[in-house]
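Please keep the sequence and the model in view while reading.

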Amino acid sequence: MAFPHLQQPSFLLASLKADAINKPFAQRCQDLVKVIEDFPAKELHAIFPWLVESIFGSLDGVLVGWNLRCLQGRVNPVEYSIAMEFLDPSGPMMKLVYKLQAEDYNFDFPVSYLPGPVKASIQENVLPDSPLYHNKVQFPPTGGLGLNLALNPFEYYMFFFALSLISQKPMPTPLHVRTSDCAYFILVDRYLSWFLPTEGSVPPPFSSSPGGSSPSPAPRTPAMPFASYGLHTSLLKRHISHQTSVNADPASHEIWRSETLLQVFVEMWLHHYSLEMYQKMQSPHAKESFTPTEEHVLVVRLLLKHLHAFANSLKPDQASPSAHSHATSPLEEFKRAAVPRFVQQKLYVFLQHCFGHWPLDASFRAVLEMWLSYLQPWRYAPEKQAQGSDSQPRCVSEKWAPFIQENLLMYTKLFVSFLNRALRTDLVSPKNALMVFRVAKVFAQPNLTEMIQKGEQLFLEPELIIPHRQHRLFTVTSSFLSPWPPVVTDASFKVKSHVYSLEGQDCKYTPMFGPEVRNLVLRLAQLITQAKQTAKSISDQCVESPAGSSFLSWLGFGPTDPNSSYPANDLDEMGQDSVRKTDEYLEKALEYLRQIFRLSDAQLTQLTLALGNARDENGKQQLPDCIVGEEGLILTPLGRYQIINGLRRFEIEYQGDLELQPIRSYEITSLVRALFRLSSAINRRFAGQMAALCSRNDFLGSFCRYHLTEPALSNRHLLSPVGRRQAATPARAPRLSLRFLGSYRTLLLLLMAFFVASLFCIGPLPCSLLLVLGYLFYAVAMTLLTERGKLHQL
């Protein structure tokens, strides 16, 4: 595509928009590469907002753009490779960003599309905590609509890129889309690896272009000095104003892109719930306007894993506390403070929301793995510890004690939240059992429990009113524009600062190893034991039942007692292998919980006996857990859990008129209703004659009673959870029932009989006569046996 260099930007934009409709994707990208190479920044400035929106979609989700969240290499290899090359950190699109960055251009970004807490803060004329928004808020002119942020090209590009994960709804595709194979997920990984390198420094712009590298273009406004990012800047409540630019160290320009990238990702993906909203979320009446998706959580997990690798790439001498006093590069300082100062608070509130509001299904596994990834920074450290076997996991080094203490709530309070979730899930499901096993295995790592206990002890130390402590607190909270705050060596003070900054000064802390949490663990251990036995019962039932039992039951040949089978769950679909996995997961989870909380074998044995897992004389389960009240049994919370998850049930039998019982799945609905109307008409017409025949004392009377009365009526009884009593149902008059003819079983037997008869050249009429004669012989025999049984009872 050739454009004369004297064309106006408006014409260039119009031409590109026309090509976007008329040309194929590959040709459009080739044209864009040539435009970026040939045109000056003054003309590219006009097309940049349109180009960014055409790639990532509109902020309101109406325009999809390139649909990067569904673009996969194995499905669309050509488009995938072209898009990844164009959007690569060293590709043409980023070259356009740097080209505009060098010319001091800025672009308006609507505040209305920012995450909820940020938008609310700006609209209330309070500057958000993150330096990302400083000196960028643009008030609308008189009569203007809405507030805007004035962003430099790099910020504008990253804002759109990050928000497309949330604002865009992926187009429906016939194939299952695996998040880790999509272009968006892989681009996030490339940007993180490029701008947050674990080895070396951030590559300068255009380093891959011929002719060598050019100096890094500075941000539009002087970068905020990195040391100025305080721990509690929200306490200052700074109002929007045109602040005086801080004269930053020129060396800080080396990492301004890294800082911007991390701040944008954290703000757009995690900052959807403020601390104030988190306090309201404790109320059951709180309503949230944002609900994360599983894809969103997977991308955040990728960010956390890379941040751990980035922070842990410091050399041992740089990671030590004494390194603060020596001259270090801005990148090293950034590595040291990236997680605690940018991520910790927002991630904690985000996780609290997910633990409290995510559906109780297997999709919670994504949230669980994100949480466990953050809890284990040692997994992403460059020095790899010796891998242990499953029976002997590797020990957690003491060097991670400061991280655990400064993230104590991530370990303790979220563990309690997980316990409360686990107590409400069906542990018979292998997917739910796996989640319990994963958490128990992580917390059972050698030395981790001891370090968590040490952190709790430090927090629960009595607070001494010492003047130097008060001064130190003031220094930490007021250091927004001060040099790097002095290192606080008091570990207890660090833990208290962490907890109070997230939960508030008046928080009520529940110790992870206290009696309250221990009781929750004992309840979970009880449910694990019960789930194991339930899974075994289901497995035994599957072994006893033939493969085609469900089909035969549908036809009416199998057992129809609803009390003889368990409700459907994952085990019904996955078979014996799933039962084995469930049992294995639960067995290991129980062992890990025993190690973590030092449960004795006697306690576990007592729990097993307390379950009341003995079977009654019919092999059925006992009643759900209940207590006896004035009006009968009352379900306990454990009993409600057992009923909801199908672990136990009350025995329920139909006690009404058999002719009026609900139509079964093995019956034809229309035929059953027609036969009922026909039999009702016959019963009304011949009621007197049938009563007279059944009252006779000879063989004919016995024959009629066998067909026209309900023989089991006198033996039926009403069931009650408290006791059993005989039914007071009045005797019904003799009547004819034709409902059996509406069963698939009966019709199938008749068809099979006619088919076999046809093989012997017997026509339908002779076959019908033979069937009638055969049934008469059968009825006579059953009548004689019934009468003989009655004589023996007398």
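By about how much of the helix are Lys34 and Asp38 separated in helix 2? Lys34 and Asp38 lie 4 residues apart in helix 2 (residues 25-38), which means a separation of about one helical turn. In general, an α-helix has 3.6 residues a turn, so residues three or four places apart point the same way.

The structure is a predicted model, in which local features need pLDDT of at least 70 and side-chain atom pairs count only at pLDDT 80 or more, while totals for chains, interfaces and linings use all residues. Residues are numbered from 1 along each chain as its sequence is written, and side-chain values use heavy atoms, with hydrogens and water left out.

**Overall composition**

The protein holds 31 helices and 7 strands; these are DSSP runs numbered from the N terminus, with helices (H or I) of at least four residues and strands (E) of at least two. Of its 794 residues, 44% count as buried. Here buried means under 20% relative accessible area, exposed means over 50%, and partly exposed lies in between, for a 1.4 Å probe with protein chains only. The accessible surface comes to about 40,600 Å², and 59% of this surface belongs to carbon and sulfur atoms. Such areas come from the Shrake-Rupley method with a 1.4 Å probe, and for residues only the protein chains shown count as cover. Among contacts in the protein with a separation of 6 or more, 77% are between residues 24 or more positions apart, a contact being heavy atoms within 4.5 Å.

**Salt bridges**

A salt bridge is a side-chain nitrogen of Lys or Arg within 4 Å of a carboxyl oxygen of Asp or Glu. By this rule the count comes to 20 salt bridges. The table lists some of them.

| Salt bridge | Closest N and O atoms |
|---|---|
| Lys34 and Asp38 | 3.2 Å |
| Glu295 and Arg69 | 2.7 Å |
| Lys136 and Glu155 | 3.3 Å |

Glu295 forms a salt bridge with Arg69. This pair links distant parts of the chain, 226 residues apart: Glu295 is in helix 11 (residues 294-311), and Arg69 is in the loop between helix 3 (41-56) and helix 4 (77-87). Both Glu295 and Arg69 are buried.

Lys136 forms a salt bridge with Glu155. Lys136 is in the loop between helix 6 (116-123) and strand 2, whereas Glu155 is in helix 7 (residues 153-167), 19 residues apart. Lys136 and Glu155 are both buried. Elsewhere, salt bridges that share partners join Asp19, Lys23 and Asp31 into one network.

An open sheet of 3 strands has the order 1-3-2 and antiparallel pairing. Strand 1 (107-110) and strand 2 (137-138) are the edge strands, each pairing on one side only. Strand 2 and strand 3 (residues 148-151) run antiparallel and are joined by 2 bridges; two strands pair if DSSP finds at least two bridges between them. Val137 stands opposite Leu149 in strand 3.

Helix 5 (residues 92-101) is mostly covered, with 8 of its 10 residues buried. Among these buried residues are Met93, Leu96 and Tyr98. In helix 20 (residues 491-503) lies Lys496, which counts as buried at 5% relative accessibility. The C-alpha atoms of Lys496 and Glu456 are separated by 9.7 Å, although the two residues are 40 residues apart along the chain.

**Cysteines**

How many disulfides does the structure hold? The structure holds 0 disulfides, a disulfide being a pair of cysteine sulfur atoms within 2.5 Å. The closest cysteine sulfur to that of Cys694 is in Cys704, 5.5 Å away and therefore too far for a bond. Cys694 is buried, with a relative accessible area of 7%, and Cys767 also counts as buried, at 4%.

**A nonpolar surface patch**

A nonpolar patch on the surface has about 1,000 Å² of accessible area, and its residues include Phe755, Leu759, Val772 and Phe777. Patches are made of residues with over 30% relative accessible area and no salt bridge, like charges being joined within 9 Å and nonpolar side chains (Val, Leu, Ile, Met, Phe, Trp, Tyr) within 5 Å. Helix 30 (744-759) and helix 31 (764-793) each supply at least two residues of the patch, and the largest share, 5 residues, comes from helix 31. Val772 is found in helix 31 and is partly exposed, with a relative accessible area of 47%.
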